[in-house]
Amino acid sequence: MSAMSNLSRSDVAHLAHLARIDMTDPELDALANELDVILEAVARVQEVATPDIAPTSHPLPLRNVTRPDVVTPSLTPAAALSGAPASEDQRFRVPQILGEEA
Amino acid sequence: MITRAAHEMSAAMASGEISSVELTQAHLDRITSVDAQVHAFLYVDTEGALAQAQSVDDARARGESVGPLAGVPLALKDVMAQQGIPTTAGSKILEGWRPPYDATVVSKLKAAGVVILGKTNMDEFAMGSSTENSAYGPTHNPWDLTRIPGGSGGGSSASLAAFEAPLAIGTDTGGSIRQPAAVTGTVGVKPTYGGVSRYGLIAFSSSLDQAGPCARTVLDTALLHEVIAGHDVHDATSIDAPVPQVVRAAREGSVKGMKIGVVKELNGDGYQAGVRSRFEESLELLAKAGAEIVEVSCPNFEYALAAYYLIAPSECSSNLARFDAMRYGIRVGDEDGASAESVMNLTREVGFGREVKRRIILGTYALSSGYFDAYYGSAQKVRTLIMQDFNKAFTSADVLVSPTCPTTAFKIGEKANDPLAMYLNDIATIPVNMAGIGGMSLPCGLAPEDGLPVGFQVMAPAMQDQRMYSVGAALEASLLSQWGAPLLSQIPALVGAK
Amino acid sequence: MSLTYEDVIAKYEPVLGLEVHVELNTNSKMFCGCSTIFGGEPNTQTCPVCLGMPGALPVVNEKAIESSILIGLALNCSITPFSRFSRKNYFYPDMPKNFQISQYDEPICVNGYLDVEIDTDEGIKKFRVEIERVHMEEDTGKSLHVGGATGRIHGADYSLLDYNRAGIPLVEIVTKIVPGTGKYAPEVAKAYVAELRDILRSLGVSDVRMEQGSLRCDANVSLRLIGAETLGTRSETKNVNSLRSVERAVRGEMIRHAELLNKGERVVQETRHFQEESGLTRSGRSKEQAEDYRYFPEPDLVPVAPDAAWIETLRATLPEQPTLRRKRLQSEWSVPDKEMAAMINADALDIVEATVNLGADPTRARGWWLGEISRIANEQGVTISDLKISPTDVAQIVALVAQGDLTDKLARQVVEGVIAGEGTPASVIESRGLKVVSDESALMAAIERAIAAQPETAEKIRNGHIPAAGALIGAVMKETKGQADAARVRELLLTHLGQPSD
């Protein structure tokens, strides 16, 4: 896959589906164009990213940061549910779930 | 009183010249008077602020010893969770959300007696360099209301320049503290990554985000730095070591014998003439104060922007997945027969702004199978190269310096439709985030061509944050003696100001 | 249609792959301090972290890492010197962050194995199941589907979410493909899960209660023509909630695949759900199009890099491996195979061993736990460990019988009393007055009275008709309210009437 590839509307639609954003066609088209330009610019990283260089995912060289297995107070259910768009029986109420669990 | 420095306000309270309630009320009045024009605040917590001020006054009256910033008002970037206070991160998707918990930074502020006035405007989820991406409208630069106050923390920097608050909290992922400081003539510090807890900071890009102090003077910034810094067991990436002695460094303000490295690649072409001249003059002042100025080269910095615009969107595409209308925030399209998936899709379409969606899609692409190595993987390697450049440069210099931004504040709307041009604003600030080191911006004068503030950036090795304060305080003192008064004394008065 | 299992294995070779998810029994969740106790009121064990609230951050539970390392060591794995958490990105309402923190390409343990034995017509057969990886992740919340058909996801009007389970530490144990099991594939699958369960229990890292979901098995099955090299398309059966179901699910999938293949149809790569009632699976999500989970290193967490000292400290705490322990105990106690199997089935090994360790004779200890105590447990519908009788109680009772202070019959009453909550064996004996009558002159007096009452019977015995003794012994026992040692009574009676007593 070359970095210069042109993204089509359906490429962007697939990405929008993965990201769960319901975009309109004009939006997809505009984004396809913008992403082409941005991708061309950011693909410059490939110029210097040679196989001998180790990737850095984190700026700090920390290891093994853990917490002891100790129970700390939870939120009250009222606080947990305080921001919920809908709730019922002390649970978050959500619209019907169509998909399958992974 | 509201134009004074925070440490002067603190002294005035200690001497009984003014109470915290009076000081807080003065700032609330100022906000009422000018914020319609500046739009620095998204929410003003009048009641909470006055209650906190009263409790500090009460503590003082009882003769209790209070911290150096007790009773001083502060503006909090709306990306920090504050219990019971609307917290939106500048996004419509979080409209109305009141967190059931405090960010660690907020807990520390409260414990130190700092008075939180309210929440400041920002680019949505901290994505932007102008605060134009806020779902709640742009913030205006108090130097020129037609111009941007920088971003993403434009609300925090504007509140300082408009004398609505003497202290503010910002967060910096690619320059969101330093660039707004630069274009508003204020001081802002991005501490070493891990120096200040991220717990309660609504994540944009977790490996780059860092909260930090903002103020009008270097010493005030240092005082606030010491209040919010320190190890936090709720943040696994927090550094478990003593906080660097930044207040001491700011008070001493000495650069004698220090080697200051000018980064060759962060100057020159693409930098506005007035930005360059003010920067050069500052170097001379530092040399006069006893520093040795050397030149260093960081050849891989030219790839930093590209790597940043892969890493940050990738992490944000995952961090922002939680905004799905199920547990908090707005919910769109929940009508009879609607599915959870369609509600998620619609809510995210309506709830996120254009720039946020652009970055989520970009990040989703960069992480997808087949493209991961070419994009995200390569960007991580560039990150290694940038760290190596810094390590090498710090063998020949104690700190590195550059202009904070290539230009002074641009006009609102000028770059709104050109994402790449907008991204270029962060070219000098991004390397610091990529390497996780500390960076400061302080004002070094006005560009002759437009009369707008120019920022001077100081970068220090990880966990050596005090060095930025030494340099910043020394330069600030030299400039002050040259100017005779703080730079902000030259800011045009806002209409309606008392 | 309707192939028999024999038809299937005559033509095809099954290939297994097993993924077992284990909920660890830590006190607190994987990344926050919320309690992990099962069955709490909805959303009472949640906080900003496990609800995925904006700004909240995870911090790893140290005990979860140690439990994972222990599991790896017990499964003969290498513990990797550097492992990391990644984010597995996909949207689902029961997952608060819409990504799962999970180990991906750098798991904590790799390359182990577990040997399992199955009892076949051809004798005991041994199979080695190779372990690919052991990794840590977090559990999801639970959805309750309301409206439509009984709690099923399809046709529900809406769902209610409880996040108490969200963030509970999970360890996933993934096997390499398991070829070569032939017709024994279903039994091997079951034996593997059973053995794994025993190991996890012996390590004390999980409650391993399949019915509560603290141990969950996904069974991957594919078929290939015998002799073929390439693997067939696999299905992944979820929801397998008992050992018996593991066996049934594998068998059922083998038959289903064979029927499709025989008809020239293809097996669809998909998730299937096991249905306990029918033993069949129903179609779930198709996996034809690979999900794009966009894994990347979790930036909120730092790597886990256990050093040798940490690993060796943990290794030193490893208990004896369950199979070896079973073999050792069987030989130490001289238990026949069948009875050993019964003891394992009844889950009585630990409790019997504890009783033996308190000085009881192994055969007696086993006899009590698998006999009278199991009978009472069955009556009450509980397990022996749920009853109010301890190894200490049983060891004391065994000792009292051995000393002749209790008869077996009295001892049964003592057991009954202890279980009924009447106290220790000593206090039950005291309060119920169950002491053996061992005063021989008192016994002789009772015998005299019995003879006097039934002179004809006594005469028969004198004439050598020994079986008649039962009636007199019964009378003596009745008079002593069962508290005499019947064998001693018989001895005294027969000697008294001039007959040999043995």
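## Starting at C:Arg412

At 39% relative accessibility, C:Arg412 counts as partly exposed, a label for anything between buried (under 20% relative accessible area) and exposed (over 50%), using a 1.4 Å probe on protein chains only. This is a predicted model, in which local features need pLDDT of at least 70, side-chain atom pairs count only at pLDDT 80 or more, and totals for chains, interfaces and linings use all residues. Residues are numbered from 1 along each chain as its sequence is written, chains are lettered from A and ligands numbered from 1 in the order in which they are written, and side-chain values use heavy atoms, with hydrogens and water left out.

C:Arg412 sits in helix H11 of chain C; helices (H or I, at least four residues) and strands (E, at least two) are DSSP runs numbered from the N terminus. Leaving aside neighbours within four places in sequence, C:Arg412 is in contact with C:Trp368 and C:Glu372, where contact means heavy atoms within 4.5 Å. C:Ser374 is 38 residues away from C:Arg412 in sequence, with 12 Å between their C-alpha atoms.

## Helix H10 and its cover

The buried residues in H10(C) are C:Pro391, C:Asp393, C:Val394, C:Ala395, C:Ile397, C:Val398, C:Leu400 and C:Val401.

The largest nonpolar core has 255 residues, and B:Leu109, B:Phe125 and C:Tyr192 have the most contacts inside it. Such a core is a set of buried Ala, Val, Leu, Ile, Met, Phe, Trp, Tyr and Cys residues joined through side-chain atoms within 4.5 Å. Its largest share, eleven residues, comes from helix H3 (residues 185-203) of chain C. A second, separate core of 37 residues includes C:Met340, C:Ala377, C:Ala395 and C:Val428.

## The second largest pocket

H3(C) turns up again here: it gives the most to the lining of the second largest pocket, with nine residues. The lining has 49 residues in total, and C:Arg197, C:Asp198, C:Arg326, C:Ile344 and C:Asn345 lie nearest the pocket's centre. A pocket is an open set of points on a 1 Å grid over the protein atoms alone, where a 1.4 Å probe fits, with protein on both sides within 12 Å along at least five of seven lines; lining residues have an atom within 4 Å of a point.

The volume of this pocket is about 2,000 Å³, that is, the space filled by probe spheres set on the points, with grid points joined across faces, edges and corners.

Most residues other than glycine have a negative phi, and most peptide bonds are trans. B:Ala126 is not a glycine, yet has a positive phi of about 70°; at 5% relative accessibility, B:Ala126 counts as buried. C:Asn98, in the loop between strands S4 (86-89) and S5 (99-102) of chain C, has a positive phi near 60° and is buried, with a relative accessible area of 1%.

Which peptide bond is cis? The one from B:Gly151 to B:Ser152, with omega near 10°. B:Ser152 is in the loop between S3 (115-120) and H5 (154-161) of chain B, and B:Ala126 has its place in the loop between S3 and H5 of chain B too.
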